[in-house]
Number of protein chains: 2
Amino acid sequence: MHTLLILSRFARDYEALIESAHLPDLAITATGDPAQIGPDAAAFDLAFGEPALLRHLLPRLTAVRWIQSTWAGVEPLLDPVLRRDYVLTNARGVFGAQMSEYVFAYLLAYERKLFERRASQDAGRWDQTPPARLRGKTLGLLGVGTIGAALAATAKHFGMRVKGYTRASEDSADVDEYFHGPLADCAAALASDLDFLVSVMPDTAATRHVIGEALLRALPPRAIFVNPGRGGVVDERALAAALQEGRLAGAVLDVFEQEPLPPDHVFWRLPNVHITAHTAALSAPPDIAPLFVDNYRRLLRGEPLHYRVDFDRGY
Amino acid sequence: MHTLLILSRFARDYEALIESAHLPDLAITATGDPAQIGPDAAAFDLAFGEPALLRHLLPRLTAVRWIQSTWAGVEPLLDPVLRRDYVLTNARGVFGAQMSEYVFAYLLAYERKLFERRASQDAGRWDQTPPARLRGKTLGLLGVGTIGAALAATAKHFGMRVKGYTRASEDSADVDEYFHGPLADCAAALASDLDFLVSVMPDTAATRHVIGEALLRALPPRAIFVNPGRGGVVDERALAAALQEGRLAGAVLDVFEQEPLPPDHVFWRLPNVHITAHTAALSAPPDIAPLFVDNYRRLLRGEPLHYRVDFDRGY
């Protein structure tokens, strides 16, 4: 018998979805409030939920051997003061479609001048400024995992050229040119002809602030930077300076070093920045619950779990 | 020897593009101003340009045997008072990609709440309202020619279901369900479960005002209507009433019965309407010139020309 703690804002949804899978030998406790879990915390051998909630309970989950995160990002559980004597799996392979809708909503909005045209309309102006188009433009991807591959596929659908920076993998055939090694060494080759640069890199010791002065100076002034990934990869002062000095045409930012973005942050005052408040890809229970169900069946069969996090690498 | 009149706002571009094709036996006169053409109008056996410019010169182009339009819409040349004793070909097969960027810019803007989120940002608000998504939604197409087929392909890329209304053809495999016959007879079956209805129908006697009261009442109140096609197919009073009464969530309108849209038109005052001033798909000389070049070679070889317009059908 396994005992599962579901700790999530969507605890009831996840409980219903997992129960509907009729998994064998599984007792479920579901709550959205860590304070509801008393001394029986020590009884759970499995946990499923949001890393930000689980991290506070983790020291008391003494019997836990596997935690499935509902998020892609597991930073709250990577704090070196926390235990690492369990298997941590995260959510992967389910955000590509949402991310693609997010990124291309803004790329198309730029090309088609949606905000400028709306302003013309509000002023009663018949605005026939010609739009531009994605076809023939070049997209740079920082990170080509399942999300990056989904973005590359949509870019190809719209007739774009795609350049991809990854640690080592070259799994997506929709990427025309791959770059590896330290970003500083390939910044010019990667960035100098881009129309759009999109970061979907994880937040790790190796990626911290890599989107900084050098990379931003390598981009042409026409470029738009889009970050639906992680805030920690961006040097926000360098990005703000590039935007203020016209070295970059604009930025679409979903994630930040501090969230919510502080009211006095310069990004709120820059007209060429779009702020989307960490909504690019939401963990919807119908997408995420199957990850737990599949991994639980693997556990019962003694197979390796999918999407295991390497605590040292950070993803 | 053939003598070609290029009559276009982009006369110089077209002349350069056609000259670069080194077509045999072709003398070219290029201008953007019909008044520049004197008695030698009677010498041209070929013409290439904008229908709105060509229509005024047509009675004097007495030797013309073929006109290639730079536009898809050739309504100015369909006036029954005008001659029809020549072959008229229009621009087709080149607007699909642009139209797809236009339509999906607005579909994604709706799902991702781009304008609402911008308003939140302008108010300094960290707005985490969850976005919606295209995946799983249903798109209805009125007209499935080359443009409709391009829209269907993009809809499929984003995981949508596609319903298509056409006169008879069923050429696109990206359309899940086809509808034919009078629109009034299939309005409910076509429209009752749509999230988006997009019209790319030509403006003909048969399509005039077919998007009217009956079809609009068949749409669910959540639906968005997008018209990058022709203004004449819409009963604008019925559309305005549906939008004002909340029977339709919104409309994205590129074309109108009268253009520019008159300053006192109700559409300017409806908050749930986007007006894009006939810019959805522009005839770019690098896209259009090859249509003339290809058809000219066909003419020399005695082959039938591509994209011949049926004067009675109207497209």
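Biologist: Which residues of α9(B) are exposed on its other side?

Modeller: In this predicted model, B:Pro286 and B:Arg301 are the exposed residues on that other side of α9(B). The helix itself covers residues 285-301 of chain B, and its 17 residues reach 24 Å from the first C-alpha to the last, which is close to the 24 Å expected at 1.5 Å a residue.

Biologist: Which residues of α9(B) are buried, and why do they line one face of the helix?

Modeller: The general idea is that an α-helix has 3.6 residues a turn, so residues three or four places apart point the same way. In this case the buried residues are B:Pro285, B:Ile288, B:Ala289, B:Leu291, B:Phe292, B:Asn295 and B:Tyr296. Seen down the axis of α9(B), these buried residues fall within an arc of 150°, and therefore they line one face of the helix.

Biologist: What do the buried residues of α9(B) pack against, and which residue follows the helix?

Modeller: Within chain B, the buried residues pack against α1 (11-19) and against the strands β3 (46-49), β4 (66-69) and β5 (87-89). After α9(B) comes B:Gly302, and the phi of B:Gly302 is positive, near 75°.

Biologist: How is chain B superposed on chain A?

Modeller: As a general idea, two copies of a chain are related by a rotation about an axis and a shift along it. Here a rotation of 180° with 0.0 Å of shift along its axis superposes chain B on chain A, with an RMSD of 0.0 Å. The two copies are thus related as by a two-fold rotation axis. In chain B, the C-alpha nearest that axis belongs to B:Ala105, 2.9 Å from it.

Biologist: Through which surface do the copies meet?

Modeller: They meet through the same surface, because 100% of the interface residues of chain B are also interface residues in chain A.

Biologist: Finally, how is chain A divided into domains?

Modeller: Chain A has domain 1, made of 2-91 + 283-301, and domain 2, made of 96-275. Taken over C-alpha atoms, the centres of domain 1 and domain 2 of chain A are separated by 33 Å.

How values were computed. Residues numbered from 1 in each chain as written. Chains lettered and ligands numbered in written order. Predicted model: local features only at pLDDT ≥ 70, side-chain atom pairs only at ≥ 80, totals over all residues. Domains from an automatic or database assignment. Helix = DSSP H or I, 4+ residues; strand = E, 2+ residues; numbered from the N terminus. Expected span 1.5 Å × (residues − 1). Buried ≥ 20, exposed ≤ 12 C-beta atoms within 10 Å, placed from the backbone. Arc of directions from axis to C-beta. Contact = placed C-beta atoms within 7 Å. Least-squares fit on C-alpha atoms with pLDDT ≥ 70 in both.
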